[in-house]
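Subject: Structure handover

Hello,

Please find the structure below, followed by notes on what turned up in it.

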Amino acid sequence: SSRLIEGRALLQDVWSVFNAANLPHDCINLGQGYMNFPPPAWVTDAANAALKTTLSNHYAHPKGRIRLRNAIKAFYEPSFNRSLDVESEILVTSGANEGQFSVFTAFLEQGDEVIMFEPFFDQYLASVIFNGGKPVYVPLHPNLDGDKPTSADWKIDFDELRRAITPRTKMIIVNTPHNPVGKIFTKDELEKIADLSKEFNLLVMADEVYDCLVYDDKEHIRIANLPGMWDRTVTVLSAGKAFAATGWRVGWLIGPASIIGPTLAASTRIIFCTNSPLQEAAAAGLEEARSRGFFEQQLKEYQERRDVLLSALDKTGIKYSLPEGSYFVLVDISRLKIPDDYPFPLYIMNRPRDFKASWFIAMEIGVSSIPVSDFYCEEHCNIGENYARFAFCKDVDTLRQAGERLQKLV
Ligand code: GLN
């Protein structure tokens with residue numbers, strides 16, 4: 001038997017179900033979050049240059065190539081408010097996914113509990129279980145009754161969080177900006193989480209892969225920077241999100257030597273090292289981003305993309321929660337009428353209602369999305385069933401076209 005054999009292992013993961021291969025060929029993909037535009041040319045130029053040198057086609061150091069670790073150090077020191085040691089406090093990983101997986105491998109013992117807020121990025125669940133851990137779920141509570149609900153209306157019940165902590169709790173995952181809600185955890189929320197983690201001696205995994213996508217006047221706060229938190233926090237970051245390069249599988253972890261050291265040991269035995277040429281390219285990206293004003297410009301573009309999609313949704317009257325960060329918007333599909341006799345394939349038929357809604361929308365109007373119930377445990381699936389996640393990491397023309405198609409839903 002397999003650790004994932006119970007429950008959802010037998011079901012297809014949501015990304016495979018809502019994969020282009022299963023959908024009409026002219027369907028606009030607002031499902032799996034990847035861009036329909038390339039990384040910046042000066043970054044891909046660096047990738048090409050790296051492919052032409054001998055050394056950058058060979059193994060990297062398991063910690064990551066020194067050029068990239070130096071670039072990470074220089075880029076992140078100001079926002080972590082401290083100096084970062086490239087030998088012991090930075091680890092390059094094969095995407096953020098492998099980074100978080102290796103942290104669990106390094107730290108979880110059989111039966112250790114990991115708290116995650118729901119909805120959670122589904123990969124955490126498998127990563128925790130594969131490493132012998134036990135996921136413990138604390139739902140964010142949406143109150144979207146107001147006129148203009150936002151991702152901030154997804155609230156933590158701190159009594160519930162405290163009750164979820166047991167003597168077996170090892171770690172808590174804090175994902176801000178949040179996938180799929182788009183929530184930016186507030187200072188007050190992060191302080192309360194930090195206090196609990198200090199009181200119960202928990203590690204914190206801060207998944208901040210969307211840290212460059214924070215809209216309006218909101219502020220991204222790193223929980224690692226709160227008093228007493230550096231020593232117990234590992235922050236997960238991603239070149240894929242930063243440079244529109246999700247297929248590169250390059251990410252990095254930043255944290256104290258006491259976390260990075262064991263994680264390096266795990267990562268070395270899982271992947272040995274991350275691909276070299278794209279580490280060089282990611283290094284070039286970080287080295288030049290500031291002088292080029294790259295992240296400021298990119299943020300403006302994302303803000304426009306978000307607003308194009310949201311104004312199309314406004315025209316339909318369909319409710320959604322306005323995302324303060326990330327490139328996702330949760331749309332309320334609870335009122336969508338789905339014919340009882342709709343010809344769903346079997347692998348949709350036996351899934352929750354949101355799977356049917358996302359499928360129906362894709363088939364009928366040619367816009368794909370990701371149903372949100374897969375980001376919940378079975379017990380809380382009824383919350384997720386009300387939402388479909390639409391990604392706006394697409395060029396404005398595509399989003400306009402998707403917006404026109406969405407009008408046909410009402
Ligand atoms: N992080 C991306 C998303 O949420 C893709 C995840 C994946 O394909 N596993 O859309």
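Strand β12 (residues 328-332) pairs with strand β15 (residues 387-391) in the antiparallel sense, over 5 bridges. Helices (H or I, at least four residues) and strands (E, at least two) are DSSP runs, numbered from the N terminus, and two strands count as paired if DSSP finds at least two bridges between them. Opposite Phe 328 stands Ala 391 in β15.

This is a predicted model: local features need pLDDT of at least 70, side-chain atom pairs count only at pLDDT 80 or more, and totals for chains, interfaces and linings use all residues. Residues are numbered from 1 along each chain as its sequence is written.

The two strands belong to an open sheet of 4 strands, ordered β11-β12-β15-β14, with antiparallel pairing. β11 (320-321) and β14 (370-371) stand at its edges with a single partner strand each, so one side of each has no neighbour in the sheet.

Elsewhere, strand β7 (residues 169-175) is mostly covered, with 7 of its 7 residues buried. A residue is buried if 20 or more other C-beta atoms lie within 10 Å of its own, exposed if 12 or fewer, and partly exposed in between, with C-beta atoms placed from the backbone. β7 pairs in the parallel sense with strand β3 (residues 113-118) over 4 bridges, and in the parallel sense with strand β8 (residues 203-207) over 5 bridges. Ile 173 of β7 is the bridge partner of Met 116, and Ile 173 also stands opposite Met 205 in β8.

Next, helix α15 (residues 396-407). Its 12 residues should span 16 Å at 1.5 Å a residue, and its end C-alpha atoms are 17 Å apart, which agrees; the expected span is 1.5 Å times one less than the number of residues. Leu 399, Ala 402, Gly 403 and Leu 406 are buried in α15. They cover an arc of only 105° around the axis (taken from the directions from the helix axis to the C-beta atoms), which puts them on the same side of α15. Asp 397 and Gln 407, on the other side, are exposed. Among the elements covering the buried residues are α11 (294-316) and α13 (353-365), where contact means C-beta atoms, placed from the backbone, within 7 Å.

Last, the ligand. Around it are Trp 15, Gln 32, Gly 33, Gln 123 and Asn 179, a residue being near if its C-beta atom, placed from the backbone, lies within 6 Å. By class, this shell has 1 nonpolar, 4 polar and no charged residues.

Regards

Key:
Ala, Val, Leu, Ile, Met, Phe, Trp, Tyr, Cys and Pro count as nonpolar, Asp, Glu, Lys and Arg as charged, and the others, Gly among them, as polar. Two residues are in contact if their C-beta atoms, placed from the backbone, lie within 7 Å.
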